[in-house]
Structures are given as C-alpha cells and as structure tokens.
Amino acid sequence: GVANGFPREGGFDITVASEIMAIFCLAENLADLQRRLGNIIVGYTRSREPIHARDLKAEGPMTALLRDAFMPNLVQTLENNPAIIHGGPFANIAHGCNSVRATKTALKLADYVVTEAGFGADLGAEKFFNIKCRKAKLKPDAVVLVATARALKMHGGVAKADLKSENVGALQDGLENLGRHLRNIGQFGVPAVVAINKFVADTPAEIDAIRNYCMEFGVEVFECSHWADGGAGTEALAHHVAGLADTG
C-alpha cells in the first residue's frame with residue numbers, strides 16, 4: 001500500500017551469484033576483488049559496447065558488502081584438526097574450487113594442505129588445475145581420486161536397487177570411467193592415488209578388481225573407512241600422500 005511503499009518483485013539468479021562467487025574465490029586480496037568485480041559486464045549500449053560494473057560505480061559497494069565474507073572461516077573437525085571453509089562456486093557453471101585466499105592461508109599454517117576440487121576429476125579437478133592453479137600459481141604435489149564400488153557398478157549398468165549385491169562383471173565394465181579420470185589427471189603430470197570410499201556391502205572381490213585395474217596405471221589403491229573410523233580409517237592413505245608430497 002501507499003504507507004509501505006510500492007510492491008516490488010524480486011528473485012535470486014543463481015548464475016549471477018555464481019559469477020560473483022567465482023570472482024570472490026579467485027581474488028588474491030580486496031583490491032584484486034574490486035578490480036575483478038568492476039570487470040563484470042552487466043549489459044551493452046545501443047552501439048553494442050559493453051557496460052561494466054565499474055562504469056556504474058558498483059564495484060566499490062560490492063566489495064564493501066563482501067569485505068567481511070572475504071575473511072576465511074576457520075573451523076575444526078571432530079578430531080580437532082583445523083579446516084578452512086571459504087567459498088563454493090558450482091563446478092558445472094563456475095570453477096568449483098574454494099578460495100585462493102583460503103588455500104594460501106592454509107599453506108602458511110600447515111605442513112600439508114588438502115583441498116577438494118569440485119565434482120568429478122573430469123570437471124572440478126581439471127578446472128582446479130587449469131583455472132585456480134594457473135591463476136594463483138599453485139603447484140599441487142599429489143591427487144587423491146575418490147571412487148566407490150557402488151558408483152563403478154552403476155557405471156557398469158547396475159540399477160540403484162541392486163548396488164548392494166556383488167557384481168564384479170558390472171564393476172569391471174564401469175572401471176573405464178575410473179580409467180578416464182586417471183588418464184585426465186595424468187596429463188597434468190601430478191602423481192595420483194585412488195581412495196576407495198568403502199561401503200559395508202563392498203566385497204573383497206570387488207575391491208581386488210579395482211586394485212588390479214589401477215595397477216595397470218601404476219597407481220596405488222587404499223581402502224578408506226573414515227566415515228566410520230575417523231582419521232584412523234584413512235591413516236595409510238595419509239602417510240602415502242604425505243610421502244608423495246615430500247618427494248614431489
């Protein structure tokens with residue numbers, strides 16, 4: 001009504017939000033963030049010339065709104081290990097990696113830093129290498145490729161309702177998917193290791209099939225039960241990855 005102003009319809013456009021999130025996560029500092037925000041194209045003139053956010057004097061207010069958010073969040077795991085949570089652009093429409101600021105902060109605070117790179121190795125990891133590492137001049141020492149017997153059986157044609165039953169044949173058919181990920185990662189010249197997120201229904205025959213397949217690539221395989229056993233469930237994997245990092 002008149003007393004409360006005129007009604008205005010609004011909405012949330014996730015594409016724009018992800019563009020800002022991607023810019024936010026690639027920025028080195030506030031000045032870099034403001035510069036990148038100013039480069040956003042918001043429209044075109046009648047003569048088809050781009051209109052940037054800086055032309056509207058919008059980059060300063062946007063940076064001010066993001067100033068506090070630009071500080072990484074330090075939390076801890078259930079086993080009191082430090083973890084930095086900061087940024088999350090989607091890997092399907094952005095680059096799918098946490099912030100450069102968070103990663104570089106972690107590198108100053110710890111001997112080893114583990115970061116997640118978006119979705120599968122054919123999306124998040126490749127964007128991690130091609131975009132984040134290139135822009136931020138990061139040089140990873142190792143890659144941990146996570147796989148499950150359930151997913152590999154599904155790639156081999158098994159229906160979701162039947163994934164709890166052993167099916168080595170279908171798993172072997174699905175292993176080509178894992179192989180493609182390993183070949184993709186191999187192009188970046190970084191050593192890889194496969195971590196099997198082990199479910200209670202996984203059988204020794206299925207685990208052996210994965211292990212034998214990965215041997216063809218010269219890649220070590222580790223069974224991981226961190227979902228049940230915490231850090232102890234990935235201790236062997238952690239020692240191996242630390243060894244790769246130390247010799248990288």
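Are E206 and K153 buried or exposed? Both residues are buried, where buried denotes a relative accessible area under 20%, exposed over 50% and partly exposed anything in between (1.4 Å probe, protein chains only).

## Basis of the model

The model is predicted: local features need pLDDT of at least 70, side-chain atom pairs count only at pLDDT 80 or more, and totals for chains, interfaces and linings use all residues. Residues are numbered from 1 along each chain as its sequence is written, and side-chain values use heavy atoms, with hydrogens and water left out.

## Nonpolar cores

A nonpolar core is taken as a set of buried Ala, Val, Leu, Ile, Met, Phe, Trp, Tyr and Cys residues joined through side-chain atoms within 4.5 Å. The largest such core comprises 32 residues, and L178, L182, V194, I210 and C214 have the most contacts inside it. Two or more residues each come from α5 (121-136), β5 (143-147), α6 (149-155), α7 (168-186), β6 (192-197) and α8 (204-215); helices (H or I, at least four residues) and strands (E, at least two) are DSSP runs numbered from the N terminus. The most is given by α5, with six residues.

Beyond its neighbours within four places in sequence, V194 is in contact (heavy atoms within 4.5 Å) with L145, A147, L178, L182, C214, V219, E220, V221 and F222. A second, separate core has eleven residues, among them F24, L33, L37 and L66.

## Helix α4

Within α4 (residues 100-109), the residues V100, A102, T103 and A106 are buried. They lie on the same side of α4 because they cover an arc of only 165° around the axis, the arc being that of the directions from the helix axis to the C-beta atoms. The exposed residues K108 and L109 are carried on the face of α4 turned away from its buried side.

## Salt bridges

With a salt bridge defined as a side-chain nitrogen of Lys or Arg within 4 Å of a carboxyl oxygen of Asp or Glu, the count comes to seven. In the buried pair of E206 and K153, the closest N and O atoms are 3.0 Å apart. This pair links distant parts of the chain, E206 in helix α8 and K153 in helix α6, 53 residues apart.

E176 and R183 form a salt bridge at 2.3 Å, N to O. E176 is partly exposed, at 43% relative accessible area, and R183 is also partly exposed, at 35%. Another salt bridge joins E223 to R211, with 3.3 Å between the closest N and O atoms. E223 lies in strand β7 (residues 221-224) and R211 in helix α8, so this pair ties together parts that are twelve residues apart in sequence.
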